[in-house]
Amino acid sequence: MAAGPEMLAELRRLRARVPQLTGALVAGVDGLVLAHDTPGVEAEGVAALTATALAVAVRLADTTGQGDFRELLVRGVYGYVATYAAGESAVLTVLAQDRVNVGRLHLESRRSGARVGELVDAAERARVPVPAAPAATRTRSARTPRPTTTEPRTTTES
């Protein structure tokens with residue numbers, strides 16, 4: 001994906017703005033890693049688990065009438081894992097120490113998620129060819145007869 005270097009740069013900027021982050025990755029909603037800056041953490045495993053958690057979060061938000069998925073926060077003894085919507089087909093997942101300012105984490109991660117979403121969506125639009133506009137339809141003149149409809153043919157059983 002052409003946006004990969006730009007996504008990686010955004011992840012590094014996010015980690016610079018929130019020093020308590022220990023990792024960040026962008027993954028497709030299918031669990032495939034698009035970009036990551038996760039020293040000491042297996043990005044593919046985190047992305048796969050993110051896709052699983054995302055499926056549950058989407059279902060929970062929908063079932064309870066809360067609308068489209070926006071974010072998911074998990075707090076463990078040693079820190080946080082947070083996942084944010086990033087465009088139509090990706091998510092941003094960040095790992096943070098337990099002493100992170102959660103408000104700052106949300107603020108900066110939401111901004112990065114929006115930026116990453118723009119990059120992913122633009123790359124998707126560039127990759128998928130836009131269908132050609134349909135040819136102009138001819139208008140029938142008064143002299144052109146319209147096709148007649150016939151009764152549908154029925155078959156008889158033998």
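Let's start on the outside of helix H2, where the face turned away from its buried side carries the exposed residues Leu49, Val56, Arg59, Leu60 and Thr63. Keep in mind as you look around that this is a predicted model.

Now turn to the opposite face of the helix. Buried in H2 are Ala43, Val46, Ala47, Thr50, Ala51, Leu54, Ala57 and Ala61. These residues cover an arc of only 145 degrees around the axis, which puts them on the same side of H2. What lies over the buried residues of H2? The cover includes strands S1, S2, S3 (71-76), S4 (79-86) and S5.

With 21 residues, H2 reaches 30 Å from its first C-alpha to its last, close to the 30 Å expected at 1.5 Å a residue. Just after H2 comes glycine 65, which takes a positive phi of about 75 degrees. Another glycine, at position 45, sits within H2 itself, which runs over residues 43-63. Glycine 45 has a relative accessibility of 25% and therefore counts as partly exposed, since that class falls between the buried limit of 20% and the exposed limit of 50%. Between glycine 45 and glycine 31 there are 8.7 Å in space, C-alpha to C-alpha, for a separation of 14 residues in sequence.

The protein chain has three helices and five strands, and along the sequence they follow the pattern α-β-β-α-β-β-β-α. The chain has 158 residues, of which 34% count as buried. Among its contacts with a separation of 6 or more, 48% come from residues 24 or more positions apart.

Which residues of H1 are buried? They are Gly4, Met7, Glu10, Leu11 and Leu14. Seen down the axis of H1, they fall within an arc of 120 degrees, so they line one face of the helix. Pro5 and Ala16 are exposed on the other side of H1. The partners of the buried face are strands S1 (21-28), S2 (33-37) and S5 (90-97), together with helix H3 (102-127).

From H1, the contact is made by Glu6, Met7, Glu10, Leu14 and Arg17, while H3 contributes Arg104, Glu108, Ser109, Ser112, Arg115, Val116, Leu119 and Val120. By type, the residues of this contact divide into five nonpolar, two polar and six charged.

Leaving aside residues up to four places away in sequence, arginine 15 touches Leu21, Thr22, Gly23, Ala24, Asp37 and Pro39. Of these, aspartate 37 is 22 residues from arginine 15 in sequence, and their C-alpha atoms are 8.8 Å apart in space.

Note on methods
Residues are numbered from 1 along each chain as its sequence is written. This is a predicted model: local features need pLDDT of at least 70, side-chain atom pairs count only at pLDDT 80 or more; totals for chains, interfaces and linings use all residues. Side-chain values use heavy atoms; hydrogens and water are left out. Buried means under 20% relative accessible area, exposed over 50%, partly exposed in between (1.4 Å probe, protein chains only). Helices (H or I, at least four residues) and strands (E, at least two) are DSSP runs, numbered from the N terminus. The arc is that of the directions from the helix axis to the C-beta atoms. Contact means heavy atoms within 4.5 Å. Ala, Val, Leu, Ile, Met, Phe, Trp, Tyr, Cys and Pro count as nonpolar, Asp, Glu, Lys and Arg as charged, and the others, Gly among them, as polar. The expected span of a helix is 1.5 Å times one less than its number of residues.
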